[in-house]
Amino acid sequence: MYSFETIISKELNISEKSVGSTIKLLEDGATIPFISRYRKEATGSLDEVAIRDIQLRHNELKELVKRKEYILDTIKAANALTPELKSKIEETFDTSILEDLFLPFKPKRRTKASIARERGLEPLAKCIMSQISSDVEKMAQRFVTEDVVTIDDAISGALDIIAEWVSESEVARQIVRTTYNRSAVISSHIVKGKEADADNYLNYKEYSQPLNKCSSHRYLAIKRGEEEGVLKVALSVNDDDVLNRLRCVFVKKTATTQSADLVEFAIKDGYKRLLRPSIETEIYGMAKVKADDKAIETFAENLRQLLLSPPLGKKRVLGIDPGYRTGCKVVCLDEQGNLLHNDVIYPCQPKCDIKGASRKVSYLVEAYKIDAIAVGNGTASRETERFLQNIHFPHKIQVFVVNESGASIYSASKVAREEFPDKDVTVRGAVSIGRRLIDPLAELVKIDPKSIGVGQYQHDVDQAKLKDALDYTVESCVNTVGVNLNTASIQLLSYVSGVGPLLALNIVNYRKENGYFKSRQELMNVPRMGAKTFQLCAGFLRIPGAECELDNTAVHPESYYLISQMADDLNCSISQLIADKNLQKSIDLSKYVDDKVGLPTLNDIMLELEKPGRDPRSTIKVMNFDEKIKTIEDVKTGMMLNGIINNLTDFGAFVDIGIKESGLVHISQICEHYISSPTEVVSIHQHVKVKVLDVDLLRKRISLTMKDI
């Protein structure tokens, strides 16, 4: 039997040694960010993606082994476990084949075949299946009883048993499964009488395509339409071809005509009544898993790009949640995102108090030393943005339009209520908008990722798998950027490698009681912080202004001795080494390689010394939307517009062009050459130039292109 390391190594094309070391680290409780960053020598410098793939496959194999143990125990309890069957079960790592092997021994509900067996007809079934007898009726006469009244009843019951044998045959199932995998066609049409409810499914009213070419978003859309009772969905293959292949397996060339005819009848019955529905259910399930995985992958990548959006940084921000009748909610935030003041202005309809609103905003900008303004991109966003751009501030103030998806979820959450118990949801929403400009990552981690609005069919996919993928993505982003230990929220800290919600709460409580952390080592004073957890989290926590400058870098404390040794060898201090690039260049890293530390770690250390505490995120830019465009009615075919990509799906990119409705750039309109996914060319928050292809006012849809621009 293969070891897990061997199987995963072959499947992922990663050396068995690297796989084994990675599995050991994971089993010992190490996190993926920690392993990829600080254990490169052990893994052969595997990145997070490879380590995650190893983790997922390892977990799958462990579950498969548990399933095998259950199957073996069940068959053994039925006294049906042969050495050959046991060997087959132990050697297979294909779930479908494993379940095929188990199927004949699975506890079943009462079936036609089981009833026939109860009536003593299994010997007759075996005789017919042997296809030797030339007089089946004479043979069947011996099985006529009180329960089996006629010869026809006896033959019919025997054929029910043969039909079940065919449906449970590993060979037959593989024939049908292979046929469906290769050539199944999925089709859909609108259910009669449901035409009025089919607006969202017009693309699928007469749809037909090979299943293996049906994209994930189409499959999920079709299945959603089926669940809503709007679409009738079917899978089809060439049944005659399948039946011919099954005949070749079960009908003997030397069989008598009567026996062969009866076996053929049983094959056809078993295929149509049992085997085909079973395999179709399996194929539907496999297609759903594949579609789910693709949709989850797209969602996770979009989330990653959104979380790693460029931050404004430590600036004072005026956040505005725009509105008409109830006014625009205004908040003033300091560099850390703390609320200093909140107010309301009415620059838009129906009040249109431009002068009063201008005076108030000008005063707040001056009084609270505001550096930039964040405007939510919801209702009245464009009008509010134009109003702000017409104010003559005493110094340059940049106005940013911020995606406010999920802000209302945060404002009504327990987290927001605890932070602002005396403020209403509108003030909390404005705070969230302002904070998203300062640091999108730190603010967005407070919201359920599913509420951020960058997924596709997120409610249709496996929810447990989706949550796992999104939680992992958030964890990865948080640890990629690093966290300020003295300002981070409980939510942000909880995603740091090895920390979790309880320890995050303890860290914040310790900070409240004892003041700012002065060193990473001080973390060991936090309740429930052990040496193992400290090892996992310390390198991802930053302390600006710490006595030890390395505490504000990604250098792990376990490697501090190396930098001290380098400084001693160069006869300088650590501070001088960090400040002097020439000193860094003079270091011969090979001198510091030992049995624990290799060149991969040493190279990472030197990169960090070169730019200590660097933020991997890019610099934020202001987007200037077309001032003539206020509503969808203003959008005309042929217009060239500026936009920001705010969501990516398998079928294209949604672009914010400065109005309520986002436009869609279909995947075929993104670039001149073929691409299989929009993520190959564009990313969330990317500034783009688009051309309007079509405007559907009735359905509020805008078609865009990025070609020929």
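This is a predicted model: local features need pLDDT of at least 70, side-chain atom pairs count only at pLDDT 80 or more; totals for chains, interfaces and linings use all residues.
**Entry 1: Pro311**

I started with Pro311, which sits in the loop between helix H15 (257–307) and strand S4 (317–321). Buried or exposed? I looked up its relative accessibility: it is 16%, so Pro311 counts as buried, the cut-off being under 20%.

Next I checked what packs around it. Leaving out residues up to four places away in sequence, Pro311 touches Leu437, Ile438, Asp439 and Pro440, plus Asp615, Arg617, Ser618 and Ile620. I also looked up the spacing to one of these: Ile438 is 127 residues away in sequence, yet the C-alpha to C-alpha distance to Pro311 is 5.5 Å.

**Entry 2: the largest cavity**

How many cavities of 30 Å³ or more does the structure hold? I found two. The largest has about 90 Å³ of space. Strand S8 (398–402) and strand S11 (640–649) each supply at least two lining residues, and S11 gives the most, with three. I noted Leu306, Asn377, Asp656 and His685 among the lining residues too. By class I have six nonpolar, four polar and one charged.

**Entry 3: the second largest cavity**

This one comes to about 60 Å³. Here helices show up in the lining: H3 (32–38) and H29 (599–610) each supply at least two residues. H29 gives the most, with three.

Note on methods. Residues are numbered from 1 along each chain as its sequence is written. Side-chain values use heavy atoms; hydrogens and water are left out. Helices (H or I, at least four residues) and strands (E, at least two) are DSSP runs, numbered from the N terminus. Buried means under 20% relative accessible area, exposed over 50%, partly exposed in between (1.4 Å probe, protein chains only). Contact means heavy atoms within 4.5 Å. On a 1 Å grid over the protein atoms alone, a cavity is a set of points where a 1.4 Å probe fits but cannot get out, and a pocket is an open set with protein on both sides within 12 Å along at least five of seven lines; lining residues have an atom within 4 Å of a point. Grid points are joined across faces, edges and corners, and a volume is the space filled by probe spheres set on the points. Ala, Val, Leu, Ile, Met, Phe, Trp, Tyr, Cys and Pro count as nonpolar, Asp, Glu, Lys and Arg as charged, and the others, Gly among them, as polar.
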